[in-house]
Amino acid sequence: MSLNVLGSLATATGGGYESPTTADFYQPLLNDGPFAITRPAVVMMLSVGLIAWWLIATTKRAAIIPSKGQWVTEGIYGFIRNGVARDIIGSKDFLRFVPLLFSMFVLILVNNLFGVIPPVQFPTMSRIGFPIALTAVVYVVYHFIGIRRVGPRVYFKSLVPAGLPGWIVPFIFFLEVITFFVTRPLTLALRLFGNMFAGHMLLLLFITGGEFMVIHGGFGLKIAGAGSFALAFVLTIFEALIEFLQAYIFTLLAATYIAGSLADEH
Amino acid sequence: MQGNIAILGYGLSAIGPGVGIGLIFAAYINGVARQPEARGMLQSIAILGFALAEALAIFGLVLAFVFK
C-alpha cells in the first residue's frame with residue numbers, strides 16, 4: 001500500500017513519501033491500549049453533546065411558526081419519519097421505531113460530516129468499533145421484534161418460503177440463516193466503515209501527497225501537487241455527499257430489516 | 001514496481017458492483033424519465049439496490065487490508 005512512483009522519486013531527492021496507512025486512523029490522545037481515549041471517541045462525545053444541545057435548543061420552545069433551527073430539525077425528523085420509517089415499515093407500527101431511526105440517522109450524519117468539517121476532520125465511523133456498536137443495536141432490535149412477534153420456532157421456520165420441494169429446504173434454510181445472522185449485520189457495519197475509511201484515506205492521500213510534491217518536487221511535480229490539492233477540494237465535496245448518503249443508507253437498511261421482521265411472512 | 005497484491009483483489013471485486021450500480025441507476029433514470037411522478041418511490045428503491053450491490057466492493061476493500 002505505498003505510492004511507489006512518488007516513493008522512488010522521493011528517495012531520489014532524499015527523504016521518503018510516507019503514504020497514509022491504516023495505522024494513521026488509530027490516534028490515542030490519552031493513555032494507550034484498550035482503554036485509551038482516542039480521537040474518534042472524543043469526536044463521538046462531541047457529536048453527542050452537540051446533537052443533544054441542538055435538539056433541545058430547537059425544540060424547547062417549539063412554535064407554530066417555526067424558527068430557522070426548528071425548521072431544520074423538523075425537516076430532518078419529517079424526512080426520517082415519513083421518508084424512511086413510514087414508507088418502509090408501513091403506517092401500522094412505524095411510530096415505535098422512529099426514535100431509533102431518527103437518533104441513528106442524526107448520530108451517523110453528524111459523525112460522518114465531522115470527517116470534512118475543518119477543526120475536527122476525523123470520521124468516527126472509520127474506526128470499525130463504532131459501526132459495529134450501531135449495527136449491534138439494529139441486529140438485536142430486528143431479531144428481537146421478529147422473535148417476540150411469532151416465537152422462535154415460527155421465526156426460524158418462516159426463513160424458508162413456503163411451497164418449496166422438500167430436498168431443497170435445508171439448503172435454503174442454511175443460506176437464509178447465513179443472510180440473516182451473518183451477511184446482514186456484516187455488510188451493514190462494513191458498508192459504513194468502508195465508505196468512511198476509504199473516503200478519508202483518499203483525502204489523506206491527495207492532501208499529504210500534494211503537500212509532498214509541492215514542497216519536495218521539481219517544477220513539474222509542483223504543478224501536479226497543485227492539481228492534487230484541487231482534486232482534494234473536489235473530493236471533499238464528494239465526500240460530504242457520500243457521508244450524507246451513507247447515513248441515509250444505514251437508516252434505510254435498518255428500517256428495511258425491521259420491516260422484514262414485522263412482515264407477514266414472519 | 002512493488003506493492004500489495006491484495007489491492008488488485010479489491011480492483012477485481014469492484015468490477016461487479018461497478019457494473020451493477022451502473023445498471024441500477026440506469027434503470028432509475030429510465031423510470032423517472034418515463035414517469036416523473038414516481039421519483040420519490042423509485043429513489044429509495046434505487047438507493048437500497050445501490051447499497052446492496054456495493055457490499056461486494058466493500059468486502060473487497062476491507063479484505064484487502066485484512067490480508068495484507
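My entries below cover how the two chains meet and then the annotated spans.

**Entry 1, the model.** I remind myself that this is a predicted model.

**Entry 2, the contact count.** I started with who touches whom: 20 residues of chain A are in contact with 18 residues of chain B. I then looked up the area, and the two chains bury about 1,700 Å² between them. Carbon and sulfur atoms carry 77% of that area.

How many salt bridges does the rule find across the interface of chain B and chain A? I got one. The partners are A:R191 and B:E54, whose side chains meet at 3.7 Å, N to O. That distance counts because the cut-off for a salt bridge is 4 Å. For polar contact, I noted two residue pairs across the interface, both at pLDDT 80 or more.

I checked UniProt, where an unreviewed entry annotates residues 7-29 and 41-67 of chain B as "transmembrane region". I went on to compare that record with the model. Residues 7-29 of chain B come out as 100% helix and 0% strand, with 32 Å between the end C-alpha atoms. For residues 41-67 of chain B I noted 96% helix and 0% strand, and the end C-alpha atoms lie 40 Å apart.

Conventions:
Residues are numbered from 1 along each chain as its sequence is written. Chains are lettered from A and ligands numbered from 1 in the order in which they are written. This is a predicted model: local features need pLDDT of at least 70, side-chain atom pairs count only at pLDDT 80 or more; totals for chains, interfaces and linings use all residues. Side-chain values use heavy atoms; hydrogens and water are left out. Contact means heavy atoms within 4.5 Å. Buried area is the accessible area (1.4 Å probe) that two parts lose on being put together, summed over both. A polar contact is a pair of N or O atoms within 3.5 Å; within protein, one must be able to donate a hydrogen and the other to accept it, and residues adjacent in sequence count only if both atoms are side-chain atoms. UniProt positions are given in the numbering used here, feature names are shortened, and annotations may be inferred rather than shown by experiment. Helices (H or I, at least four residues) and strands (E, at least two) are DSSP runs, numbered from the N terminus.
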